[in-house]
Each structure stands twice: as structure tokens, then as C-alpha cells.
Amino acid sequence: MTVVARLYVIRHGETEWNRARIIQGQADSQLNDLGETQAAMTGEALKAIHFDKAFTSDLSRASKTAEIILQHHPDVILVKDQDLRERFMGKLQGTKGPTNPSEPSLEPIEAMIERSVGWYNREIVPYISSLADNPDGRCRNILVTSHGWLIKSFFKFMTATGMLECTESLLGASPRIPNASLSVVEYSTIGSGSEQRIESTVVQYGDASHLTGTQILHDNADMDALKS
């Protein structure tokens, strides 16, 4: 077994709307001071990683998180993509919950999952497939910054459909994705020749251990507002 790539998926740092439990959705809220500190701590934890590619939601809180992390990697091009945005919360954006889970202006969860998986199939799958015959043997590393609900829904769907392997204990019954937390997918070649395949395994999920000493929110106002 040879590890050919790792995908580092990071939720954006904290915003004032996170702190105030205001529904954000695709509203373009900014990182607060703690959020920038969290991003810097994440960057410090990952500074020894050689990143080959970097993607982010185009919303400021995610792209700023990525930019701070990439200060240690100035040669990496950051690609912004709307498909990595948080769920669109419609008329609920800028309000506080609890609220109506049937609000018609909400983006369907299925649509959010479809665009995140579509992004993965468009940007990540071909790149990983090209590494099956990796001549130099170097592990490639990909950085992604996005949002809590999208990350949680993406991993839940990908593991449920078998596109990613993951132990039940790692994902948990109701996992949380704290601000600036880290989830990692490891891609390994199995077998050889015509029998070779790439195995994709979640090895870290919602890990905020690198943020020790900071105040970490474990709730998500957008998700919690729709609970009955």
C-alpha cells in the first residue's frame, strides 16, 4: 500500500455571526479576530505539508481562512469555487432560530450535496486517478476550505455510498465540525498492474486538536435553527 495523496478539508474560522448564533448561509460574513487566529493556528499546524493544489468556497470567511493558511505556501494557486459554498438559507439569512424548516427559499440539502459531490468528481477524482502510476513516489496534498453544513453533508453522503471508507467510531452518530477543524482523506494504491486500485479513507474528521487554548464553538447556528 502506497499513499499517493491526502485531501485536507477545513472549515472556515469563526465569524461574529457564528458567535452570535446568526444564520449565515451564503451571506458573506467575515472572520472575527478569533477566526483569524484559528486560521493562523491551522496554518502553523500544516506548514510542513507541501500543498500541490488549493480550493476554497468563494465566500470571504472560507477564502480568508485559506489565504492565511497559504501564507506558508506562497507558490500555491488558490482556486475559488461557488460549489463549495454553504447551504443557501434564503430568507433566513441574517436571522436567528429556531425557525421554519420548510421555508421555501431554503436550498434543498440534496442540491447542496449534489454540487459538492459534483465539484469533487470534477476536480479531485481525475487528479487522484492520474496518480495511480506515480513515478516519483511523492504524496500529493490538496487543501480545501469550506463550511460546516456542506462538509458534514459531503462526508456523510460519501461514506454512506461507499465512495469514501470510514470507521463508524470516527464519524460518530452526530458529528460536529467546529470552526477551523480539520478532516483528512487519504488515498492509497492497492495491488499492482491491472489489479491496482485507489482506496479512499477518511483518517481524520472534525479534528480541532490543533486549536488547543482557544475558545471553540461546537454548534452550528444554521443547522440548529431548523431543528424542531
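Colleague: Which residue just after H5 takes a positive phi?

Modeller: Gly-162 does, with a phi of about 80 degrees, where helices (H or I, at least four residues) and strands (E, at least two) are DSSP runs numbered from the N terminus. This is a predicted model, in which local features need pLDDT of at least 70, side-chain atom pairs count only at pLDDT 80 or more, and totals for chains, interfaces and linings use all residues. Residues are numbered from 1 along each chain as its sequence is written, and side-chain values use heavy atoms, with hydrogens and water left out.

Colleague: How do you know that the span of helix H5 agrees with its 13 residues?

Modeller: The expected span is 1.5 Å times one less than the number of residues; for residues 148-160 that gives 18 Å, and the end C-alpha atoms are 18 Å apart, so the two agree.

Colleague: Why is His-12 called buried?

Modeller: Buried means under 20% relative accessible area, exposed over 50%, and partly exposed in between (1.4 Å probe, protein chains only); His-12 has 1% relative accessibility and therefore counts as buried.

Colleague: What makes the pair His-12 and Arg-61 a polar contact?

Modeller: Their side chains approach to 3.3 Å, and the term requires a pair of N or O atoms within 3.5 Å, where within protein one must be able to donate a hydrogen and the other to accept it, and residues adjacent in sequence count only if both atoms are side-chain atoms.

Colleague: Why does Glu-86 count as buried?

Modeller: Glu-86, in the loop between strand S3 (78-81) and helix H4 (109-129), has 4% relative accessibility and so counts as buried.
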